[in-house]
Amino acid sequence: MPRLQHLFVSLTSAALLTCHHAALADVTADLGVTSEFVRDGISQTSGKAAWQAGMTATHNSGFYAGAWGSNVDHGSADSLHSEWDVYGGANLPLWRAWSVDASLTRFTFHGDAEEKGDAYNETALRLLWDNNLTLGYRAADGYYGSEYNLHTLETAYTFQTGSFSIELYGANHRLDGTDETTNFGSSTADDYWHFRVGAARTWNHWDYRLTLERTNLGGDFDAGTLIQFSVHRFFRIW
């Protein structure tokens, strides 16, 4: 495991211990459904609806850790049925409205013995301004069980308009190598662009979200232009 990931694991362990012993820790959970599970502009349910659930522990120091899951359906012969992820990190103030968020996520896949080996880790470092502007970099080590890493440069801006929030998002995803099984449409296609526009409203512990996503990927992927609508209910556990 790279040295940076060792650091994030240590931060996650510290966050869990801190949240366990301190009274100033929040534990929240969410349960919901979305018309389609889309990650990084690519559908994970082949146009079908998905249930999703998660839990996060957050300490007032900025450390956090949690778990999140969704059903998966790639529309193929494999029996993969779900994805479960665990994550941890820290959101720390820098100067005035600026802050930094560093995290580590472990993506795991269940239901098919071969697909289970595709689990991978992703580290992320994001610079935030007033929680509206985000400038980020992500690195997925051994992307989907391959020998290649996926690097993502992303930016987002969220407008607050009354009780609604509008998000504008753009990212470039690039592999550091390709082969016949790890690529984005051909053995030489090592990157793609991803754009998203979303509107969300939170009301009485319910979150409603409508998003439009677009990539420049070809027909080999469940991508192109995708529209999703999701509803989630949030619960305060602690």
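Strands (E, at least two residues) and helices (H or I, at least four) are DSSP runs, numbered from the N terminus. Tyr208 lies in one such run, strand β13. The structure is a predicted model, in which local features need pLDDT of at least 70, side-chain atom pairs count only at pLDDT 80 or more, and totals for chains, interfaces and linings use all residues. Residues are numbered from 1 along each chain as its sequence is written, and side-chain values use heavy atoms, with hydrogens and water left out.

**The barrel**

- The strands β1-β4-β5-β6-β7-β8-β9-β10-β11-β12-β13-β14 form a closed barrel of 12 strands with antiparallel pairing.
- From one strand to the next, the twist averages 20 degrees; axes here are lines fitted to C-alpha atoms (for helices over the stretch in contact), and angles run from 0 to 180 degrees between N-to-C directions.
- Two strands pair if DSSP finds at least two bridges between them.

- Strand β10 (residues 150–161) and strand β11 (residues 164–175) run antiparallel and are joined by 12 bridges.
- These two strands form a hairpin with two residues between them, and Gly162 in the turn has a positive phi of about 65 degrees.
- Leu150 has Leu175 in β11 as its bridge partner, while His151 stands opposite Arg174 in β11.
- On to the next strand, 11 bridges join β11 to β12, which run antiparallel.
- Arg174 also stands opposite Asp191 in β12.

**The nonpolar surface patch**

- A nonpolar patch on the surface is formed by Phe159, Leu168, Val197, Trp203, Trp206, Tyr208, Leu210, Leu212, Ile227 and Phe229, with about 940 Å² of accessible area together.
- Patches are made of residues with over 30% relative accessible area and no salt bridge; like charges are joined within 9 Å, and nonpolar side chains (Val, Leu, Ile, Met, Phe, Trp, Tyr) within 5 Å.
- A salt bridge is a side-chain nitrogen of Lys or Arg within 4 Å of a carboxyl oxygen of Asp or Glu.
- Accessible areas come from the Shrake-Rupley method with a 1.4 Å probe, and for residues only the protein chains shown count as cover.
- At least two residues of the patch come from each of β12 (191–203), β13 (206–215) and β14 (225–236).
- Strand β13 supplies the largest share, four residues.

**Exposure of two residues**

- Tyr208 is partly exposed, with a relative accessible area of 31%; buried means under 20%, exposed over 50%, and partly exposed in between (1.4 Å probe, protein chains only).
- Arg96, in the loop between β6 (82–95) and β7 (98–110), is exposed, with a relative accessible area of 75%.
- Arg96 and Asp130 are 34 residues apart in sequence and 8.6 Å apart in space, C-alpha to C-alpha.
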